[in-house]
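Open the structure in your viewer and keep the selection panel at hand. The stops below go from a single residue pair out to a whole interface.

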Amino acid sequence: MAKKIKAIVKLNLNAGKANPAPPVGPALAAHGINIMAFVKDYNARTQNRVGEVVPAEITVFTDGSFTFVLKTPPTTFLIKKAIGMEKGSGLASKGKEGKITRAQIREIAEAKFNDTNAVDIEGAMRQIEGTVRNMGVEIVD
Amino acid sequence: MDKRVWLEVSALVSPESAESVSELFSRYCESGVVVEQGVEFQGVDDHGTPYGPCRVCAYLEMTEAIEDTKRKLSEGLWYLSRIRSDIPEPTFRVVEDQNWMESWRKFYRPVFVGERIQILPSWIEDQHPDRLAIRIEPSMAFGTGTHPTTQLSLLLTEKYVRPGEPFIDVGSGSGILSVAAILLGASEALGIDIDEESMISGKENAQRNGAADRIVFARRSIPEINRGESGLKLTKAPVVVANILTPILEALFAQGMAELVAPGGMMLLSGILSDQDERIRAAAEARGLVFVERMAMEDWAGYAFRKP
């Protein structure tokens, strides 16, 4: 059955640990989505990835039904993981928070490629490099 | 105990800025971040394309550190606005905790279809005993039952189901049409689908409506059934319904869907956009089916054909 889409809701959540408290509750209740059905399904599909931020992109249809797909973790999460950093400074001017190699950037670009609008890996790498700089992380060869 | 209170922080930004803002929020809101975007429709075939700005929001628990966190979030957005011009100041709103598990249910009401059917969410009391109640639990597979294709297929089922005779539902999905057929008096029903999730969902809905002993859900293909290799007792019925999309209906006709209809029986079709009329009529008539009637709702059509 073909259905019309009402909204796209992307939730960045901790794998295996979704629960009905905010942000899940208010985000989904506003669309009349069965919250427990989503929480159970999300946790089941992400239980092997605890410790990661795994976004769920939910497509809400006009009749209240929905589907969702899991996306790759946010770029910033992958950068922090690659260099073992807890938090980015958020301010490039504040000083360098760590170092990342071009090989690591390529790995992240390959992982994120399908979720970017880049036409090739080099383009995706340039997008990742922009985020790296915004986080105050230094790029080394 | 006092209710928990949350502070919602949100910002309306362009899709290009959404990830940067989302990352900023995630530093202070560990439970997660929401990015929401609307859709636009580019023609009748378009199911919806993401369009317009994104609303990024997250929730902070009200603790002693809340004012400090608010200041840091405002500062972070200000720094981002030096790089991206579309970044606004954040909006804060106090949100009282509530039973989120239940709050989504307030959107649901009984849905009346045709002259005899009502679709009733499982928690709502039946106040219309003159109508047959199809009990549903809204979930991923099934929403409110308000979609025109669901309504058209229910209307056709209500009109053509034959009490005391069997019924076949091709692409059974949530199983709602098989359940409706049983409630309307069909002796037994077969729901076939290629999706394993549909098998689970169909059985749950049959159980919920006290029809589990008269409906078989099977993951079988039409050629398997027509070759006698399905292992199913019911392989032909005087009423066969299929609520799928036109290209899939065409493919199913090519696979022999019309052979499931007993001579003199009815083939009911839904999931057809109004501008696909000629395609569906051509596909059905090429298999010897005779046009009986067309029903329309919004930009969707439902068809009844008879097998001579």
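This is a predicted model: local features need pLDDT of at least 70, side-chain atom pairs count only at pLDDT 80 or more; totals for chains, interfaces and linings use all residues.

Strand E1 of chain A, residues 5-14, pairs with E2(B) in the antiparallel sense, over five bridges.

Now select A:Lys80 and B:Glu23 and show their side chains. They meet in a salt bridge, at 3.2 Å from N to O. How many salt bridges are there between chain B and chain A? The count is one. For polar contacts across this interface, the rule finds eight residue pairs, with both residues at pLDDT 80 or more.

Colour chain B by element and look at its side that touches chain A. Two or more residues each come from helix H1 (15-28), strand E2 (33-40), strand E3 (49-61), helix H2 (66-83), helix H3 (100-103) and helix H4 (148-160) of chain B. Which element gives the largest share of that side? E2(B) does, with six residues.

Finally, select everything in contact between the chains: 48 residues of chain B and 47 residues of chain A. The size of an interface is often given as the accessible area lost when the parts come together. Here chain B and chain A bury about 3,900 Å² between them, and 59% of that is on carbon and sulfur atoms.

Definitions and conventions. Residues are numbered from 1 along each chain as its sequence is written. Chains are lettered from A and ligands numbered from 1 in the order in which they are written. Side-chain values use heavy atoms; hydrogens and water are left out. Contact means heavy atoms within 4.5 Å. Buried area is the accessible area (1.4 Å probe) that two parts lose on being put together, summed over both. A salt bridge is a side-chain nitrogen of Lys or Arg within 4 Å of a carboxyl oxygen of Asp or Glu. A polar contact is a pair of N or O atoms within 3.5 Å; within protein, one must be able to donate a hydrogen and the other to accept it, and residues adjacent in sequence count only if both atoms are side-chain atoms. Helices (H or I, at least four residues) and strands (E, at least two) are DSSP runs, numbered from the N terminus. Two strands pair if DSSP finds at least two bridges between them.
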